[in-house]
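Hi,

Here is the structure I said I would pass on. Have a look at it first, and my notes follow below.

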Amino acid sequence: VWSAVPSGPPDPILGVTEAFKADKDPRKINLGVGAYRDGNGKPYVLSSVKKSEERILTSHPEKEYLPITGLGSFTQNAAKLAYGEDSAPLKAGAVAVTQSISGTGALRIGGAFLARHYPNAKSIYLPTPSWGNHTPIFRDSGLEVRQYRYFDKETVGLDFAGMVADLKAAPENAIVLLHACAHNPTGIDPTVEQWKELSDLIQEKKLFPFFDMAYQGFASGSTSRDAFALRHFVSQGHQVALAQSFAKNMGLYGERCGAFSLTTADAEEKARVDSQLKIVIRPMYSNPPMHGALIANGILSDPALYSEWEGEVKGMADRIISMREKLYTTLNDLNTPGEWGHIKSQIGMFSFTGLTKPQTQALAEKAHVYMTADGRISMAGLNGNNIDYFSESVSKAVKG
Ligand code: LMR
């Protein structure tokens, strides 16, 4: 029956983990997938998460189905975290929000909802480059995927003029996907001033902003600073779509815990949107899993756990920043050809190193160092024990 099914390529990000696992060399390093590792290279379960989970286990919650849109207290708290306590649409009861299967699920619900209900627009503009899964998610949602310029190879920075020109040229009503903070894969974000300009432009051109916020807290160590772009747009009267993930900032990767929301005109409109979100979700997976949402909600609803969690997010962000410093210094000490300042100026989990595809291949084959083919490294995979070996390997690969 399946004789005509062609074999597909490995996933550009998760496929790297498969190759890493198959490598038996003890020096191997995986900087592919964006998953935090502690200073010893080990997966990290946050103490606030452990405490929240212990409370759940001792209270023996029911295993009933959640509603289609998930745990209500969790989605309310997730929206508060993103939009801020003082958000006008939140106070007006005008934010339609649903739990999702982490950030990917949120984007997929959003894509499907917009394809069905957003008037006129069937196209979504993604930055070049963007997270590798964005294109298939939105294509499978039934949207036409287009691109706007984002990364400038020459300056290893933001191509703001190109971005503005492409958004100006986009047709009215087009959807624009924006990485709210810690752009994946480049680690380059617009400045506050540039975000303000983008907000004006997107309003003027009647484009629809869809924020993907997978790293709130991870970019700067502050959850409110990282929400600046989203909150600014909302304060300027934009109606927005938002995908949130708790994979990175709470380390809840495998729990698949996230949220999708839309700001609406008022509570009556919100109720109609809610009813249609349910109709999108029910045939996809019926209703979401409970455990991750209970953990996240335990943290978001308890002031002591919340402040412990904020400290832990900052701790992760700070460790990554310290690795950036160390990598920059070591590459320079080794007289590695090229300018490496971007390693320090980029933010979030990733650094877009500028390493070429042949160099990344050579690093995997000769040095057992794994990263995505576009030269992105997950900074969180570096630590005091492997950073010297990594730097020496990169230096060799660049020298050729
Ligand atoms: C990444 O970009 O590495 C993460 O967002 C994990 C994933 O699912 O791709």
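Which residues in helix 10 (residues 228–235) are buried? They are A229, L230, F233 and V234, where buried means that 20 or more other C-beta atoms lie within 10 Å of the residue's own, with C-beta atoms placed from the backbone. These residues cover an arc of only 130° around the axis, so they are on the same side of helix 10; the arc is that of the directions from the helix axis to the C-beta atoms. After helix 10 comes G237, with a positive phi near 95°.

Before the rest, two notes. This is a predicted model: local features need pLDDT of at least 70, side-chain atom pairs count only at pLDDT 80 or more, and totals for chains, interfaces and linings use all residues. Residues are numbered from 1 along each chain as its sequence is written. Helices are DSSP runs (H or I, at least four residues), numbered from the N terminus.

Now a helix pair. Helix 3 (residues 72–83) and helix 12 (residues 291–300) pack at about 55°, their axes 9 Å apart. Axes are lines fitted to C-alpha atoms over the stretch in contact, and angles run from 0 to 180 degrees between N-to-C directions. The two are therefore oblique to each other (under 35 degrees is roughly parallel, over 145 roughly antiparallel, 65 to 115 roughly perpendicular, the rest oblique). On the helix 3 side, S73, F74, N77 and L81 meet A293, A296, N297 and L300 of helix 12, contact meaning C-beta atoms, placed from the backbone, within 7 Å.

Cheers

Technical notes. A residue is buried if 20 or more other C-beta atoms lie within 10 Å of its own, exposed if 12 or fewer, and partly exposed in between; C-beta atoms are placed from the backbone. Two residues are in contact if their C-beta atoms, placed from the backbone, lie within 7 Å.
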